[in-house]
Amino acid sequence: MEKEEKTEQDTLFFDEIERHKNNIYVMQYELKEVVSLHSHPQGHILIVLNDVAIVDVENSAFYIPYGHFVWIPSGKRHHISFENRTIHLKNIYFPQNFSDDKFYKEVGIYPIPTLLQEVLNLMDETREYTPKDWKYELLSTMKHILPNIISQKHSELWLPTTKHPIAKKIIKAIHRNFRKPITAQSIADEVGMSVRNMSRYMHNELGISFVHYLRKYRIIMSVKQLVKGDDSITNIAYSVGYESLSVFSNSFYMVTGYRPSFFLKQ
């Protein structure tokens with residue numbers, strides 16, 4: 001969902017980023033409102049310090065949990081939202097064309113590697129770094145090294161979005177029933193169409209199958225619960241519609257690239 005109207009928070013936020021576009025800018029902040037649709041010349045690393053942030057980019061909603069970061073290339077129109085009262089984020093903005101590595105040409109979600117965490121520990125919460133500063137060199141080096149120390153397969157913690165009324169109706173039915181042992185037939189019956197027609201709408205409007213969408217949605221819902229840290233992996237697996245812990249673990253691995261236990265360690 002796009003949020004076009006800019007708030008006072010948005011204006012201050014965008015102006016602050018614009019002022020530092022020629023250097024590396026580290027910015028930590030607390031969001032209390034959704035950030036409207038925008039883009040900027042810098043590519044940036046967005047790090048989530050609590051809960052789960054949702055970044056919408058080009059008809060896709062990316063879910064970035066605590067302990068993870070997302071890379072957003074320069075010029076990508078996006079907006080940031082969240083579901084609880086506030087969310088704490090840290091961004092590292094890099095000047096345009098800072099790197100030509102393939103890693104930096106697409107949006108990707110990754111667990112925070114040790115190197116990135118150690119570099120962040122040396123940085124101020126919010127500060128602009130110029131080429132004369134040794135921390136600028138450290139951030140530059142970290143950015144060049146980063147693609148080589150994390151998996152090139154980023155987490156698939158994203159879902160396609162659409163404005164098509166029928167496709168939205170199908171999505172809402174899945175969201176209402178994902179905790180149950182649902183099938184393509186049961187959802188098709190609920191929205192009043194054949195499985196073939198439902199599959200056609202999902203393919204044409206969302207670019208994804210029913211099974212793939214359901215799996216990703218269930219895992220994203222489980223990630224939201226895992227971040228809270230107040231329930232067991234087994235209970236969470238059952239709560240999002242899985243009847244087997246091993247099947248849940250395998251599905252989690254397929255979507256995120258790692259097991260639920262590794263997520264908790266992160």
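Which residues point one way from strand β9, and which the other way? Gly108 and Tyr110 share one direction, Ile109 and Pro111 the other. All are buried, meaning under 20% relative accessible area with a 1.4 Å probe and protein chains only, with exposed set at over 50%.

This is a predicted model, in which local features need pLDDT of at least 70, side-chain atom pairs count only at pLDDT 80 or more, and totals for chains, interfaces and linings use all residues. Residues are numbered from 1 along each chain as its sequence is written, and side-chain values use heavy atoms, without hydrogens or water.

**The sheet.** Helices (H or I, at least four residues) and strands (E, at least two) are DSSP runs, numbered from the N terminus. Six strands form an open sheet in the order β9-β6-β3-β8-β1-β10, with antiparallel pairing. Two strands pair if DSSP finds at least two bridges between them. β9 and β10 (127-129) are the edges; each has a single partner strand, so one side of each lacks a neighbour in the sheet. On average, neighbouring strands are turned by 20° against each other, direction ignored.

β9 (residues 108-111) runs antiparallel to β6 (residues 68-72), and four bridges join them. His68 has Pro111 of β9 as its bridge partner. Val70 stands opposite Ile109.

Contact means heavy atoms within 4.5 Å. Axes are lines fitted to C-alpha atoms, for helices over the stretch in contact; angles run from 0 to 180 degrees between N-to-C directions.

| Helix | Strands | Angle |
|---|---|---|
| α1 (residues 8-19) | touches β1 (24-31), β8 (87-94) and β10 | about 165° with β1 |
| α2 (residues 114-122) | lies across β3 (43-48), β6 and β8 | about 95° to β8 |

**Helix α6.** This helix covers residues 195-206. Its twelve residues should span 16 Å at 1.5 Å a residue, and the end C-alpha atoms are 15 Å apart, which agrees. The expected span is 1.5 Å times one less than the number of residues.

Met198, Tyr201, Met202 and Leu206 are buried in α6. Seen down the axis, the buried residues fall within an arc of 95°, so they line one face of the helix. The arc is taken from the directions from the helix axis to the C-beta atoms. The buried residues pack against β11 (158-160), α4 (165-177), α5 (184-191) and α7 (210-228). Arg196, His203 and Asn204 are exposed on the other side. Just after α6, Gly207 takes a positive phi of about 70°.
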